[in-house]
Amino acid sequence: MAKHDADKDGDGAKAALARLVMSLRSQGVSDPAVLNAIETTPRELFTPDLFKERAFEDSALPIACGQTISQPFIVGLMTQALALEPRSRVLEIGTGSGYQTTILSKLARLVYTVERYRTLMGEAEARFKHLGLTNVITRFGDGGQGWPEQAPFDRILVTAAAPGEPKALLSQLKPTGVLVAPIGRGPVQSLNRYTGDGKGGFTVETMTDVRFVPLLDGVAKEP
Ligand code: SAH
C-alpha cells in the first residue's frame with residue numbers, strides 16, 4: 001500500500017477508499033448502491049490500531065478475540081448477493097467488528113445482528129453509536145439459533161462458516177427471502193446463496209470459495 005494511504009485524514013482516506021472501490025468493481029462487485037456504501041464507510045474505524053495503516057487494503061485483518069474483519073471484496077460480494085431492498089429487515093450472524101453491519105445498515109431498513117463475544121459486541125455497539133446508526137439492533141448470543149422473536153426476515157447474512165445447511169436460520173427466512181452463508185467445515189468453504197421459492201423450498205447457488213472463521217455453538221466463555 002502506498003505510504004500516503006496511511007494518512008487517514010481527509011483526502012488520503014478518500015483516495016484510498018476510491019481505489020478500493022475501483023478494485024472491487026474490477027472483481028465483479030457492480031451494484032452502485034453497494035459500492036457507494038463501501039466508499040462511505042471508514043474501515044479504519046473498525047480495525048485495531050496495529051492494522052489501521054492496512055484498513056484500505058482488500059484483505060481480511062485480525063480483530064480482538066481471535067476473529068477477523070472480512071475482506072472488502074467478500075463484503076461487497078455477499079452484500080450484492082443479498083439483493084437488499086430499502087424495506088428489507090436483515091438478520092446478520094457474526095457482528096465481529098461491525099463493518100459488514102454498517103454496510104448493511106446503509107442499504108436496508110433494519111439490521112438485527114448477533115455476536116457470541118461480549119467484547120466484540122461492546123466495541124461494535126460503540127462504533128454504531130459513534131457513526132449515528134439508528135437502524136441496527138444488537139444481541140449478544142448464539143446466532144446459530146437466529147433470532148426467533150424477530151423472525152421472519154427478508155434477508156439473512158451469516159459471516160461465520162456454518163458446518164452444513166443452516167436449517168434453523170432458513171426456517172426464519174420469509175418464503176421468498178435470501179440467505180447468504182459460507183458453508184463447510186474446513187479452512188476453505190463455499191459461499192452459498194439460498195433463495196426461497198415461495199413454497200417452502202429453496203434454490204441453492206454456490207458462488208465462490210471463501211475462508212471464514214467457524215460458526216461456533218453457544219456464547220463465548222471468555223469476555
Ligand atoms: N462481519 C464481521 C466479520 C465477522 S468474523 C466484520 O465485518 O467484522 C465472524 C464473527 O462471527 C466473529 O466475531 C465470531 O465471534 C462470530 N460468531 C461465530 N459463531 C457465532 C455464533 N454462533 N453466534 C454469533 N456470532 C458468532
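**Before starting**

This is a predicted model, in which local features need pLDDT of at least 70 and side-chain atom pairs count only at pLDDT 80 or more, while totals for chains, interfaces and linings use all residues. Residues are numbered from 1 along each chain as its sequence is written, and side-chain values use heavy atoms, with hydrogens and water left out.

**Stop 1: the sheet**

Select the strands β3 to β9. These 7 strands form an open sheet in the order β5-β4-β3-β6-β7-β8-β9, with mixed pairing. Strands here are DSSP runs of E with at least two residues, and helices are runs of H or I with at least four, numbered from the N terminus. Two strands pair if DSSP finds at least two bridges between them. At the edges are β5 (136-140) and β9 (202-210), each of which pairs on one side only. From one strand to the next, the twist averages 15°. Strands of a sheet pair through backbone hydrogen bonds, either parallel or antiparallel.

Next, select residues 173-183 and 189-196. The former are strand β7 and the latter strand β8; the two run antiparallel and are joined by 6 bridges. To locate this pairing, find Ile183, which stands opposite Ser190 in β8.

β8 and β9 form a hairpin with 5 residues between them, and Gly198 in the turn has a positive phi of about 85°.

Gly201 counts as partly exposed because its relative accessibility is 21%; the partly exposed class lies between buried (under 20% relative accessible area) and exposed (over 50%), with a 1.4 Å probe and protein chains only. Not counting residues up to four places away in sequence, Gly201 touches Thr195 and Gly196, where contact means heavy atoms within 4.5 Å.

**Stop 2: the helices against the sheet**

Select residues 72-82. This is helix α3, which lies across β6 (153-158), β7, β8 and β9 and runs at about 160° to β7. Axes are lines fitted to C-alpha atoms, for helices over the stretch in contact, and angles run from 0 to 180 degrees between N-to-C directions. Among the buried residues are Phe73, Ile74, Met78 and Leu82.

Now step to the residue that follows α3, Ala83, whose phi is positive, near 50°. Ala83 belongs to the loop between α3 and β3 and is partly exposed, with a relative accessible area of 39%.

Further along that loop, select Ser88. Ser88 counts as buried because its relative accessibility is 3%. Leaving aside neighbours within four places in sequence, Ser88 is in contact with Ala108, Arg109, Leu110, Asp154 and Arg155.

Then select residues 118-131, helix α5, which lies across β4 (110-115) and β5 and runs at about 165° to β5.

**Stop 3: the ligand**

Select the ligand and the residues around it. Of the 25 residues there, Ser97, Glu115, Asp142, Gly143 and Leu216 come nearest; a residue is near a molecule if one of its heavy atoms lies within 4 Å of it. A polar side-chain atom of Glu115 lies 2.6 Å from an oxygen atom of the ligand. Asp142 places a polar side-chain atom 2.8 Å from a ligand nitrogen atom. An N or O atom in the side chain of Thr159 is 3.2 Å from a nitrogen atom of the ligand. The protein covers 99% of the 580 Å² of accessible area that the ligand has on its own, by the Shrake-Rupley method with a 1.4 Å probe.

**Stop 4: two backbone details**

Select Ala151 and Pro152, which are joined by a cis peptide bond with omega of about 5°. Pro152 is placed in the loop between β5 and β6.

Finally, select Cys65 in the loop between β1 (61-62) and β2 (68-69). Cys65 has a positive phi of about 60° although it is not a glycine, and it is partly exposed, with a relative accessible area of 27%.

Technical notes. Polar contact = N/O pair within 3.5 Å; in protein donor to acceptor, adjacent residues only side chain to side chain.
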